Structures are given as C-alpha cells and as structure tokens.
Amino acid sequence: RAVARPGTGGARGKSGFHECWGGATGLSPAEIEHRRPVVDLWNCRSRGALVGRGALFMDGLRHADLGHDDAADGGGGASPGGAGFTRARRHAYQACGIPPARQHRD
C-alpha cells in the first residue's frame with residue numbers, strides 16, 4: 001500500500017516499515033499507519049521484549065509494561081544529576097502522555 005512518506009511533502013510510496021510489520025503481524029497498513037510503534041521509544045532497551053509479548057504500539061502500553069521503578073527516579077522525573085528527565089520518565093511520557101498536572105500552562 002502506498003502511504004505518505006515523512007519529509008517528502010506528502011509524496012506517496014511504499015513503506016518498508018508498513019510492509020514488514022504488516023507481514024509479521026497480519027495488520028493492514030491502515031491499522032499501522034496512525035499508531036506509534038514501541039520501536040520508536042527513545043533509548044528503550046526492552047523493545048524486543050515488548051514486541052515479543054505482542055505490545056506493538058504505544059497506545060497499548062501501561063506504565064508497568066515499561067519495566068521502570070517510578071520510585072527509583074524519585075517520582076519527580078529529574079535525572080540523578082538533577083538536570084533533565086530520566087529515561088523512565090521519558091518513556092512514560094512518550095507512551096502514556098504527559099499527566100495534566102505536569103503540563104506547562106502559559
């Protein structure tokens with residue numbers, strides 16, 4: 001199936017990702033096209049395990065699926081050095097969204 005390719009101004013062409021995942025999962029390109037795959041999780045060392053368990057898309061993940069101990073990063077999201085997010089917090093935000101209490105308001 002031809003899909004719009006990112007960075008091509010809407011040009012359509014075959015997508016190797018859609019063909020590969022469609023062949024492996026039996027999902028149609030339309031079922032894959034507008035969902036975020038777990039392979040896009042930043043620096044995720046458990047991608048293979050997630051895919052192996054059948055957790056293919058971020059919209060199907062829960063915090064527990066990511067395998068991080070929220071208490072280990074103090075629950076506040078700061079890295080041990082005090083600057084930036086921990087990997088655990090970033091994965092949670094990518095997969096589950098930013099909790100309303102933490103969203104920046106102007």
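The legends below refer to a predicted model.

**Figure 1. Overview of the predicted model.** The protein holds 4 helices and 2 strands. From the N terminus, the order is β-β-α-α-α-α. Of its 106 residues, 27% count as buried. The protein exposes about 6,900 Å², and carbon and sulfur atoms supply 53% of that area. Among contacts between residues at least 6 apart in sequence, 33% join residues at least 24 apart.

**Figure 2. Confidence along the chain.** The pLDDT averages 74 over the protein, and 65% of the residues score at least 70. Among the elements, α3 has the highest mean, 89. Strand β1 (residues 2-4) has the lowest, 55. Over residues 73-79 the pLDDT is below 50. Beyond near neighbours in sequence, that stretch has 18 contacts in the model.

Figure 3. Helix α1 covers residues 16-25, with H18, W21 and G22 buried. Seen down the helix axis, these buried residues fall within an arc of 105°, so they line one face of α1. An α-helix has 3.6 residues a turn, so residues three or four places apart point the same way. The face turned away from the buried side carries exposed residues: G16, G23 and A24.

**Figure 4. The chain after α1.** Just after the helix, G26 takes a positive phi of about 80°. With a relative accessible area of 28%, S28 is partly exposed. S28 and H18 are 10 residues apart along the chain, and their C-alpha atoms are separated by 8.1 Å. H18 is one of the buried residues of α1.

**Figure 5. N43 in the loop between α2 and α3.** N43 is not a glycine, yet its phi is positive, at about 50°. Most residues other than glycine have a negative phi.

**Figure 6. A nonpolar surface patch.** F17, V39 and V51 form this patch on the surface. Together they have about 190 Å² of accessible area. V51 belongs to helix α3 (residues 47-52). Its relative accessible area is 32%, which makes V51 partly exposed.

**Figure 7. Salt bridge between D59 and R35.** The side chains meet at 2.8 Å, N to O. D59 lies in the loop between α3 and α4 (87-96), and R35 in the loop between α2 and α3, so the pair ties together parts that are 24 residues apart in sequence. D59 is exposed, with a relative accessible area of 53%. R35, at 33%, counts as partly exposed.

**Figure 8. Salt bridge between D65 and R62.** The count for the model comes to 2 salt bridges. Here the side chains of D65 and R62 meet at 3.2 Å, N to O. Is D65 buried or exposed? D65 is buried, because its relative accessible area of 17% is under the 20% cut-off. R62 counts as exposed, at 55%.

Terms used:
Residues are numbered from 1 along each chain as its sequence is written. Side-chain values use heavy atoms; hydrogens and water are left out. Buried means under 20% relative accessible area, exposed over 50%, partly exposed in between (1.4 Å probe, protein chains only). The arc is that of the directions from the helix axis to the C-beta atoms. Patches are made of residues with over 30% relative accessible area and no salt bridge: like charges are joined within 9 Å, nonpolar side chains (Val, Leu, Ile, Met, Phe, Trp, Tyr) within 5 Å. Accessible areas come from the Shrake-Rupley method with a 1.4 Å probe; for residues, only the protein chains shown count as cover. A salt bridge is a side-chain nitrogen of Lys or Arg within 4 Å of a carboxyl oxygen of Asp or Glu. Contact means heavy atoms within 4.5 Å. pLDDT is the predictor's confidence in each residue, from 0 to 100.
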